[in-house]
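Please look over the sequence and structure first.

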Amino acid sequence: VVIDIPDEWRQRIPKLFPQFVEGANFEFASPVDPNYNCLSWALSYNDKYLEDYKGAYWPWKGVPDDTVDGWATVCELHGFFVCDGEHFEPGFEKIAIFEDAEGVSHACRQDKNSLWKSKLGGWGPDIDHADLKILEDGYGTVGRILKRPRPDWNL
Amino acid sequence: MAMEMMEYVADRFSCTSLWIEETDDARSVERELDEWKVKETIDWYELKAELPKSKEIDIATQFSDLVREWKEETWSFSSVKRRVIHSAYLKIIGMGPVAIPLLLKELRSQPDHWFHALEAITRQDPAPAGANMKEIAQAWIDWGEKRGYRHSR
C-alpha cells in the first residue's frame with residue numbers, strides 16, 4: 001500500500017527526528033489526518049482529538065490534559081495500569097507516555113508485533129517504529145509505561 | 001503608516017530628507033533631492049498606487065515567514081493549546097485583519113490550527129457546536145467565501 005505523505009511532512013520530520021530512517025526503523029502507516037492526536041491513537045481512536053479544547057474531546061472533568069499524570073489517568077480509565085518496562089509482552093498492549101521540559105509531549109502504543117504506533121503532531125501522519133529511542137530527539141524521555149491485557153478487538 | 005511609508009519613499013526616491021503631510025482634504029509628499037538640494041513635490045496619487053502593492057508583498061512575506069517558523073517549531077505538538085501560544089502564532093494574530101485572507105488561503109491549501117487566530121482577529125465563530133477539526137476548517141473556509149475573500153479560493 002502506497003501512503004501519500006505530502007512533501008512538507010517528508011521534509012520536516014527528519015529535521016526533528018534525525019534518527020528516523022524510513023524503511024529501516026520506521027514506516028509511514030497512514031496519511032496525514034487532523035481529527036485525532038497521539039494520545040487518541042495510543043488509545044486506538046482515530047476519530048477523536050483528545051484535548052480539552054475547541055474541536056476536541058475531553059470528557060474527563062478534573063483530569064489535566066497537559067500532564068503525564070493526566071494522560072496516565074485517561075489510560076487507566078481505558079483499562080491500562082502502570083508497569084515497569086517497554087519490552088514486548090505477548091498478550092499485553094503497552095502505552096508509552098513521553099515528557100519534555102514543557103510537560104507531556106507524546107504517547108504511543110505497542111502492537112501485537114512489538115512495533116510502536118505513533119501519530120506525529122496534531123495534523124501529521126501515523127508511523128510504525130521499532131523502538132522508543134528514535135522519538136527522544138523530538139519528544140524527550142519516557143515518563144510512564146502502562147499496559148493492559150490485549151483486547152480481542154485489537155489483536 | 002508613517003514610519004514604514006517614510007522608509008519606503010526615502011528608499012524609493014533615494015533621498016534623505018522627506019516630508020509627508022496628510023490632512024483631511026490634502027496629501028502631499030515632498031522630498032529634498034540630495035544632489036541638487038531642491039525641494040520637489042511628488043504626485044501623491046501616483047505614489048499611493050505604488051505603495052499598496054509593495055506593502056501587500058511585505059505583509060504576505062511577513063505572514064509566510066511566521067507560518068513557516070510556527071510550523072517548523074510546533075508541528076510535532078499534539079496539544080493545540082501549546083501550539084497557539086507560540087510567539088510566531090501570536091504575531092500572526094497581531095497582524096490583525098490583513099491576515100484574514102492569508103489565513104483562509106493557508107487553511108485551504110495546507111490546513112492547520114488557524115481557527116484560534118481567525119476567531120481572535122474576527123471575534124466570530126462560524127463553526128457549529130461539537131464540530132471536529134475538519135468541520136471547523138470547512139466552516140471558516142465557507143465563512144471567507146461568503147464574505148468575498150478572494151484569497152480564500
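Buried means under 20% relative accessible area, exposed over 50%, and partly exposed in between (1.4 Å probe, protein chains only). By that rule B:Trp70, at 0%, is buried. This is a predicted model, where local features need pLDDT of at least 70, side-chain atom pairs count only at pLDDT 80 or more, and totals for chains, interfaces and linings use all residues. Residues are numbered from 1 along each chain as its sequence is written, chains are lettered from A and ligands numbered from 1 in the order written, and side-chain values use heavy atoms, without hydrogens and water.

**Sheet**
- Chain A has an open sheet of 7 strands, in the order 1-6-5-4-3-7-2, with antiparallel pairing.
- Strands are DSSP runs (E, at least two residues), as are helices (H or I, at least four), numbered from the N terminus; a pair needs at least two DSSP bridges.
- Strand 2 and strand 7 (residues 141–149) of chain A are joined by 3 bridges.
- A:Val82 stands opposite A:Leu146 in strand 7.

**Aromatic pairs**
- Rings of Phe, Tyr and Trp (its six-membered ring) pair if their centres lie within 6.5 Å; planes under 30 degrees apart count as stacked, over 60 as edge-to-face, the rest as tilted.
- The whole structure holds 16 such pairs over all chains.
- A:Phe26 and A:Phe28 are edge-to-face, at 5.2 Å centre to centre and 80° between the planes.
- A:Phe26 is buried at 6%, and A:Phe28 is buried at 11%.
- B:Trp70 and B:Tyr89 form a tilted pair, at 5.0 Å and 45°.
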